Amino acid sequence: MKTYRIALLPGDGIGRDVTEAAKAVLEKAAARNGFSLATTSYPWSCDYYLENGSMMPDNGIETLRSFDAILLGAVGWPRKVPDSVSLHGLLLPIRKAFVQYANIRPHRLLPGVQGPLRSENFDILCIRENTEGEYSGAGGRVHQGTDSEVAVETSIFTRQGVERILRFGFEQARARRGKLASVTKSNAQRYSMVFWDEITQRLSQDYPDVEVTSYHIDAMAARMVMAPDSLDVVVASNLFGDILTDLGAAIQGGLGFAASANINPDRSAPSMFEPVHGSAPDIAHLGIANPIAAIWSGAMMLEHLGETGAAGKVMAAIEATTARGIGANPGRDKTDAITASVLSALD
Ligand code: NAD
Ligand code: IPM
Ligand code: MN
């Protein structure tokens, strides 16, 4: 029997609840489809930081490297550890070290879930650049604490980084409805974003079958709400993609529905699967976190591992659950009840 080695990073807050749900569903799907998951869980989190002074051990990245995939819950507990410390100590270094440059975030309405737009046609795929841009971490502060303090945060866009994410977006558009929306802010940001627009134009010649349109980020935010059915694949930089995908989640009916995959397309290192949402301190410990985003992310992991049949069955079980009204109204159903329904729909 084929066995995949999975590193589980539950992280903080509801990350623990939703990864437990996803693990149960994935293990059952594996057993039903003739393979198994050998899962090793690591307690790396803000609690771990408070005990050990770092978010993960020095050899954390090397430890993860040997796995077939990583399943992550959420990182961050700002009341105890500043986000700038926790996220730069765990989540962001993994994305970078493993060259998970393509962050795939599908946004579509699940059956039975009424998004706030009450539209039936909402199905877009956001492709977010995941290793550079506004998250490069370059910058600093001078004259700290004085009236003349200056803070600088430099966005770094490389030709290699922009080309590869745009090509990834073109390929995704080709496999879907043939439309690519490239998002920048080149009217205000005249270096990086003009550079991105130029590369988009040049690459479009290699994909004559894809209809490509460039939008400014502000107009795209409005379009996602006002005319979502004009969109297919949306490709954006790290920060813009981050913001658009919380908007996409909201249109889906809530953060608890939005899945994501941090993909290393070359397969030179493991990819990582995690919901779009965070640790949700406001609802942690209440048992009401929606696990669907995490379970869906798990289905994306099975797909990436080549277990397409099992991935499809997990998606069908999620859809059967929401179609019956379970999990369709955030805050009403308990995490355990939603998970139990997905598990029984796998039968
Ligand atoms: P959040 O996504 O944790 O929560 C935003 C809102 O959405 C909250 O009201 C929350 O209750 C709700 N929500 C989120 N997930 C839900 C779910 N599964 N079911 C039901 N409701 C859900 O964003 P935040 O409050 O800005 O961040 C909290 C912490 O998480 C911070 O430390 C932040 O940095 C971190 N964070 C981590 C990740 C990640 O690890 N990938 C992503 C986003 C935020
Ligand atoms: C996400 C999160 C992270 C990001 C934060 C927690 C650093 O918001 O995965 O969307 O911005 O990438
Ligand atoms: Mn985000």
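Predicted model: local features only at pLDDT ≥ 70, side-chain atom pairs only at ≥ 80, totals over all residues.
Me: Are α6 and helix α7 (residues 192–204) roughly parallel or oblique to each other?
Reply: The axes of α6 and α7 come within 10 Å and cross at roughly 45°. Angles under 35 degrees would count as roughly parallel, and the crossing of α6 and α7 is right-handed. The two helices, α6 and α7, are therefore oblique.

Me: How many nonpolar residues does the contact of α6 with α7 have?
Reply: From α6 the contact takes Val 162, Glu 163, Leu 166, Arg 167 and Phe 170, while α7 brings Phe 195, Trp 196, Ile 199, Thr 200 and Leu 203. Sorted by class, the contact of α6 with α7 has two charged residues, one polar residue and, as nonpolar residues, seven.

Me: Which strands stand at the edges of the open sheet?
Reply: The sheet is built from 10 strands with mixed pairing, in the order β2-β1-β3-β12-β11-β4-β5-β10-β8-β9. Each edge strand has a single partner strand, so one side of each is left without a neighbour in the sheet. The strands in that position are β2 (35–41) and β9 (211–216).

Me: What is the bridge partner of Thr 184 in β9?
Reply: Strand β8 (residues 179–184) is joined to β9 over six bridges, and the two strands pair in the parallel sense. Within this pairing, Thr 184 has as its partner in β9 the residue His 216.

Me: Is Gly 115 buried or exposed?
Reply: Gly 115 is placed in the loop between β4 and β5. Leaving aside neighbours within four places in sequence, Gly 115 is in contact with Leu 109, Phe 122, Ile 251, Gln 252 and Gly 253. A residue counts as buried if 20 or more other C-beta atoms lie within 10 Å of its own, and because Gly 115 has 21 of them within that distance, Gly 115 is buried.

Technical notes. Residues numbered from 1 in each chain as written. Chains lettered and ligands numbered in written order. Pairing = 2+ DSSP bridges. Helix = DSSP H or I, 4+ residues; strand = E, 2+ residues; numbered from the N terminus. Axes fitted to C-alpha atoms, helices over the stretch in contact; angles between N-to-C directions. Parallel < 35°, antiparallel > 145°, perpendicular 65-115°, else oblique. Left-handed = near helix turned anticlockwise from the far one by under 90°. Contact = placed C-beta atoms within 7 Å. Nonpolar A, V, L, I, M, F, W, Y, C, P; charged D, E, K, R; others polar. Buried ≥ 20, exposed ≤ 12 C-beta atoms within 10 Å, placed from the backbone.
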